[in-house]
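Please keep the sequence and the model in view while reading.

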Amino acid sequence: MQIHALAAYQSGEDLKPYSFEPAPLESYDCLIKVLACGICHSDIHMIDGDWGNSRYPLVPGHEVIGEVVEVGNQVRHIRVGDRIGVGWQMSACLQCSDCLKGNENLCDSNQGLIVNGYGGFADYLTVDSRFAFPLPAGIETAVAGPLLCGGITVYSGLRYAGMTSGQEIGIIGIGGLGHLAVQFASHLGNSVTVFTTSDDKAQFATQLGARHVVVVPPGASPPAPKQKLNIILSTVPISLDWAAYLAYLDSDGTLSLVGAVSDPLNIPFFALLGKRRRVMASPIGGRGMMMEMLSIADRFGIKPIVETFPMQQANEAMQKVRDNKVRYRAVLTVN
């Protein structure tokens with residue numbers, strides 16, 4: 001069969017039609033018909049070659065929702081007709097200590113869907129079924145894709161920072177990642193404080209479930225804290241006055257970074273030492289964490305706010321994402 005896709009043939013180019021023949025299904029593979037695919041800033045970084053690991057023609061799309069149409073002879077957990085989701089990760093060795101502990105995302109041999117293969121800006125996608133996740137019936141197809149990347153990123157970042165319930169949780173940023181983090185933290189019984197840059201975003205944060213909001217104008221530092229937080233999750237891809245934010249953390253508090261900051265972190269040692277505070281960064285999540293996140297999203301009705309575009313308008317949608325004119329996630333749909 002021929003798979004018809006949209007691909008960037010060179011760095012920074014618009015997407016153009018691209019067709020290819022998929023390899024025959026291996027024992028654990030599955031073939032899915034694409035129903036929808038989210039657009040992430042990571043797709044743009046890969047198209048532009050920003051990370052030095054792009055291969056062209058590059059078919060973007062790592063927030064894929066599809067229907068299973070064929071499975072390999074060893075596939076048992078999904079069947080033809082199932083609706084599944086595929087995120088950033090396409091494989092891991094499944095034998096190392098990280099994999100055996102459920103941290104497949106930390107495997108030294110892990111591979112990214114659009115780094116080592118073709119993504120979901122296509123009519124069909126072949127993937128290792130062990131990294132394809134059945135979707136709960138309550139999660140709508142049009143909003144499910146961003147959960148497979150943005151959702152798992154913030155959920156894993158909060159969980160591994162120690163989030164349970166009954167805690168004080170801070171979220172920096174109320175964009176594509178932050179608006180999901182607020183929902184997860186608040187629905188799981190935590191008091192959420194949001195740090196954002198404008199009054200309209202502050203009002204939106206309270207509608208999502210935030211109990212407190214601190215407005216910090218761009219380039220400014222937050223005011224002195226009135227209360228202490230157990231965890232602060234930063235979802236913004238810029239350097240901030242980290243010392244000022246660390247002052248908000250209680251003893252044994254954790255600053256968890258999921259927004260990709262390119263500059264070195266300026267972290268004063270004594271801001272950590274006196275209260276035994278920690279700083280960590282977190283990538284997506286393993287397969288068990290992914291299933292847990294999807295279950296929580298289904299149970300509490302947590303979903304991203306999306307703008308949908310037909311697959312044929314992928315370039316227009318990508319430009320809106322580049323221009324930060326999408327609130328809060330863009331999704332391509334297939335009619």
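Helix α1 (residues 41–48) and helix α11 (residues 314–322) have axes that come within 10 Å and cross at roughly 105°. Helices here are DSSP runs of H or I with at least four residues, strands are runs of E with at least two, and both are numbered from the N terminus. Axes are lines fitted to C-alpha atoms, for helices over the stretch in contact, and angles run from 0 to 180 degrees between N-to-C directions. The two helices are therefore roughly perpendicular to each other, given that angles under 35 degrees count as roughly parallel, over 145 as roughly antiparallel, 65 to 115 as roughly perpendicular and the rest as oblique. From α1, the residues H41, I44, I47 and D48 make the contact, and from α11, M318, V321 and R322; contact means heavy atoms within 4.5 Å.

The model is predicted: local features need pLDDT of at least 70, side-chain atom pairs count only at pLDDT 80 or more, and totals for chains, interfaces and linings use all residues. Residues are numbered from 1 along each chain as its sequence is written, and side-chain values use heavy atoms, with hydrogens and water left out.

Within α1, the buried residues are S42, D43, I44, M46 and I47. Buried means under 20% relative accessible area, exposed over 50%, and partly exposed in between (1.4 Å probe, protein chains only). The cover over these α1 residues includes β3 (29–39), α3 (113–116) and α11. Just after α1, G49 adopts a positive phi of about 70°. The loop between α1 and β4 (64–71) holds P57, and the peptide bond from Y56 to P57 is cis, with omega near -5°. Beyond α11, Y328 lies in the loop between α11 and β17 (329–333); the peptide bond from R327 to Y328 is also cis.

Helix α5 contributes G151, I152, Y155, S156, R159 and Y160, and α10 contributes M289, M290, E292, M293 and I296.

L294 belongs to the largest nonpolar core, which has 85 residues; L294, F121, L158, I171 and F184 touch the most other members. A nonpolar core is a set of buried Ala, Val, Leu, Ile, Met, Phe, Trp, Tyr and Cys residues joined through side-chain atoms within 4.5 Å. Leaving aside neighbours within four places in sequence, L294 contacts F133, P134, L135, P136, I139, L147 and L148. Another core, of 15 residues, lies apart from the largest one and includes I232, Y245, L249 and A271.

How many disulfides are there? The count is zero, a disulfide being a pair of cysteine sulfur atoms within 2.5 Å. For C96, the nearest cysteine sulfur is that of C99, 3.6 Å away; C96 counts as partly exposed at 23% relative accessibility. For C107, the nearest is the sulfur of C93, 3.7 Å away, and C107 counts as buried at 2%.

D252, in strand β14 (residues 249–257), has a phi of about 60° and is partly exposed, with a relative accessible area of 30%. R276, in the loop between α9 (269–273) and β15 (278–281), has a phi of about 55° and is exposed, with a relative accessible area of 56%.
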